[in-house]
Amino acid sequence: MKPEEEIGKSRYKTYLLVWVTLVILTGMTFSAAGMEFGRWAVLIALAIAGTKSGLVLNYFMHLKSERLLIFKVIIPLVMAVFLVFILLTFSDLAFRGGVK
Amino acid sequence: MNEVKTSVFEEAGDYTGAKLGMWLFILSELLLFGGMFILYSAYRYKNPVDFHHASRELEVLLGTLNTIILLTSSLSMAASIAAMQKGQRKLSTYLLIATMALGLLFLVNKGFEWGTKIELGIYPNSPTLLTRSKGEVLFYGLYYVMTGLHGLHVLAGISVLFVMLILILKEKIGKTHFTPLENSGLYWHLVDIIWIFLYPLFYLIT
Amino acid sequence: MTSNMATENVRPRISFYEDRRGILSWIFTSDHKRIALLYLIFVIAFFFSGVVLGFFMRLQMLAPGTIMGPQTYNALFTLHGIVMIFLVVIPAIVTVFGNFFLPIQIGARDVAFPRINLLSWWLFVTGAIIVALSVFTGEGPPDTGWTFYAPYSLRTTVNVPMAVFGVFILGMSSILTGINLVTTTHRLRAPGMSWKRLPLFVWAIYATSWVQILATPVIGITMVLIFLERFFGVGVFDPTKGGDPILYQHMFWIYSHPATYIMILPAMGIVSDVVPVFARKKIFGYMAIALSGMAIAAVGSLVWGHHMFVSGQSDFADLLFSLLTFLVAVPSAIKVFNWVATLHKGSVVIEPPLLFCLAFIFLFSIGGLTGLIQGALAPNMHLHDTYWIPGHFHYIIFGGMGFGLFAAFHYWFPKMFGRMYNRKVATWAWVIMFIGFNVFYFSMLLLGWEGMPRRYYDYLPQFRTLHLTATFGSWILIAGLILMFGNLFRGLFRGEKAEDNPWDGATLEWQIPSPPPTENFEKIPVVNRGPYDFKEFVKNE
């Protein structure tokens, strides 16, 4: 895509809306921390952080409007790689005492 | 138009290529911090109570404020690029300066946070810290390294944006050539995203 | 018709050597071919240093007893590992042949980011200097092994910080090269050069570059952490502060296992390009080879725990990693089958490039099979940290990557330098190296099987025969290396002028002059055939 054609996707209103959502989500994660979610607390925090990141990636970083396959692939790719690294590491850490 | 999927040969100045290169660099940065997040998860998993206690010592309000600051700086960054694309050079410049100012404000706040802790004798290898439980020692080790590394990236980002400012003033960035600005923006948003995760994982541990 | 290029040029063309002269025009170049040669010079110098270090290791191990203290021996094997792995085997094929030939093979004039390419080289040299400095500063070179395991690496008083910092810088160089080559492959292919028409060498470099981008940051941060722990006592890997040394091993091997695929995939790419040319036959199973490379990159990132079976990690992790390790053998085996199938019923032309590829196939297979043996948990308990392990990895890295590198030397030499080496001498060098190699490293496998521990500076008398044999084998191997390099150097200065396409290759680099002009192509070619379509090629001559 030629640079000039990129202009269409940059809009102040969208950015403002995204920003408001981000601030709201920040507030949500802040209040969630004060509540008793037990084991779910980490997952909720990560879910909110993930959503916030998704907004930044898709709208501020324009990933949503990218057309080429490579751009659609790279973030899922890095997430998969990270997931694999952490899960396999935990296959050690979480089972040191033996499989129950 | 990319009508031939096999033919992507373009003359020098490939906008998409430059963007792709920047994205690939961002991937590597994500995994750099990812490595630290693996360590963080491991030690939090092993020391859940200690991490919770240490987390409560951090200044949550300052951390939350810093989060809002960075989010706002991302807004101003994106808007700055949009303005440049629309030919609104002055607005773009002001927004860019705002972004840098917010980044600096973030670092100042971080400095205060660190300063307070250091005055209390809580820093890696300090006698005070070593009297605490292992989990807390690890928490602070990770805290300093991860927020420190992040802070370095904020500083690097501000420096890059400063270079962009110069380029704008020298009219090397404009309505038809804004690739460096956009790529710098991508880097800035990356720095924001990392903080989006650091914030709850350090300040809001329940 | 094929490309627009005529191989005979009406007017004389300036080669990229003559384009601009003087050392500054080299160290500040942005020409991918010059950068490739800059890397080549240093990689060869580092290879020689690594061989010298190895020579002294083998001298120490020639007979029971000692000619040096244990500290010296520890430093020797540490440096041998650091130099060979980070300064030779990981970078070599990608930075020399990837840089030189990937752009040409896809029909481009250069890489996507030529100046970043130069920066990569500058970082490479800087990192190497820092590593070298660690030998001469502080309390001397690291003695931790190239693996820098915590907590010893946190405590030992020798110059670990400098060495790990050097590795960090080298990692940055590698990441930037990976970014460059991925972007180049996506964006700079000539018209008609679809993904399915790419030479398999390009596919291999592409897969490798992804591993460089995604895995290297993890060792980057790990090296930074060692540094921070030594200077600030952060505590992340220090058991006295609650840290877990096994976590260090996880972080280290999360990169360092995929790093072995950074080493081997490009070499496999070379074999995939060379074998068809000398079998005068299309590669058997093009997509299988292309995709198996990607599969190796992917699955190879899941197996790192097989370096840690006896480290104290959980039994569950042991089982999981062992299973995954067996899986990663499959795509490698696919390649071996396909290469052999390509040779089968081909019109085989015996030339040095092919000889090195045949050796690759044989030696890599032994390496791979020994890998399966040690990848099984029960044998691993006995074989870990014995000579079996260096036996295995030298078969893979030296027998595999090394011979692949030598194949590349002999294949692309005429293109890069416009001259031909003495093919008879090259063949003799190959014979000597092959014999020396097997005498040397098979003895290591046997030593390990018998229980000889690795990284020991002395040993019990029962191991003397095998050690003697191994050392003799190493001398034969070195003799072969000297002959090979001597022959190549001689060819550089006194070799006959080479034609543009001495091997009748069908990939794009053979359609341009030897050596190429700076801009590679007078006009960017329009590609309308595959990289191994020889019949058409012959028809149009």
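Mentor: Start with one side chain, and remember that this is a predicted model.

Trainee: Is C:Phe440 buried or exposed?
Mentor: The relative accessibility of C:Phe440 is 8%. The cut-off for burial is under 20%. Therefore C:Phe440 counts as buried.

Trainee: Which element holds C:Phe440, and which residues is C:Phe440 in contact with, leaving aside neighbours within four places in sequence?
Mentor: C:Phe440 lies in helix 15 of chain C, residues 423-450. Leaving aside neighbours within four places in sequence, its contacts are C:Arg58, C:Ala470, C:Gly473, C:Ser474 and C:Leu477.

Trainee: Which residues touch the most other members of the largest nonpolar core?
Mentor: That core has 286 residues. Helix 9 of chain C, residues 245-279, gives the largest share, 23 residues. The residues that touch the most other members are C:Phe97 and C:Phe406.

Trainee: What does C:Phe97 touch, not counting residues up to four places away in sequence?
Mentor: With those residues left out, C:Phe97 touches C:Ala92, C:Leu102 and C:Phe201, among others. The list also includes C:Leu405, C:Ala408, C:Phe409, C:Trp412 and C:Met416.

Trainee: Now the interfaces. How many Å² do chain A and chain B bury between them?
Mentor: The contact takes 46 residues from chain A and 50 from chain B. Of the buried area, 79% is on carbon and sulfur atoms. The total is about 4,300 Å².

Trainee: Which element gives the largest share of the side of chain A that touches chain B?
Mentor: Across this interface there are four residue pairs in polar contact, both at pLDDT 80 or more. The elements of chain A that give two or more residues to this side are helix 1 (3-6), helix 2 (12-33), helix 3 (40-60) and helix 4 (69-93). The largest share is twelve residues, and it comes from helix 4 of chain A.

Trainee: How many Å² do chain B and chain C bury between them?
Mentor: Here 35 residues of chain B are in contact with 39 residues of chain C. Carbon and sulfur atoms carry 74% of the buried area. The total is about 3,000 Å².

Trainee: Which residue forms a salt bridge with C:Arg187?
Mentor: Chain B and chain C have two salt bridges between them. In the one formed by C:Arg187, the closest N and O atoms are 2.8 Å apart. The partner is B:Asp14.

Trainee: Why are B:Lys110 and B:Glu113 separated by about one helical turn?
Mentor: Their side chains meet in a salt bridge, 3.0 Å from N to O. B:Lys110 and B:Glu113 are both buried. They are separated by about one helical turn because they are three residues apart in helix 4 (residues 89-119) of chain B.

Trainee: B:Glu136 and B:Arg132 also meet in a salt bridge. Which residues do salt bridges that share partners join into one network?
Mentor: For that pair, the N to O distance is 2.8 Å. B:Glu136 is buried at 13% relative accessible area, whereas B:Arg132 is partly exposed at 24%. The network joins A:Asp92, A:Arg96, B:Lys46 and C:Asp244.

Methods. Residues numbered from 1 in each chain as written. Chains lettered and ligands numbered in written order. Predicted model: local features only at pLDDT ≥ 70, side-chain atom pairs only at ≥ 80, totals over all residues. Heavy atoms only, no water. Contact = heavy atoms within 4.5 Å. Buried area = accessible area lost by both parts, 1.4 Å probe. Salt bridge = Lys/Arg side-chain N within 4 Å of Asp/Glu carboxyl O. Core = buried A, V, L, I, M, F, W, Y, C linked by side-chain atoms within 4.5 Å. Buried < 20%, exposed > 50% of the residue type's maximum accessible area, 1.4 Å probe, protein only. Helix = DSSP H or I, 4+ residues; strand = E, 2+ residues; numbered from the N terminus. Polar contact = N/O pair within 3.5 Å; in protein donor to acceptor, adjacent residues only side chain to side chain.
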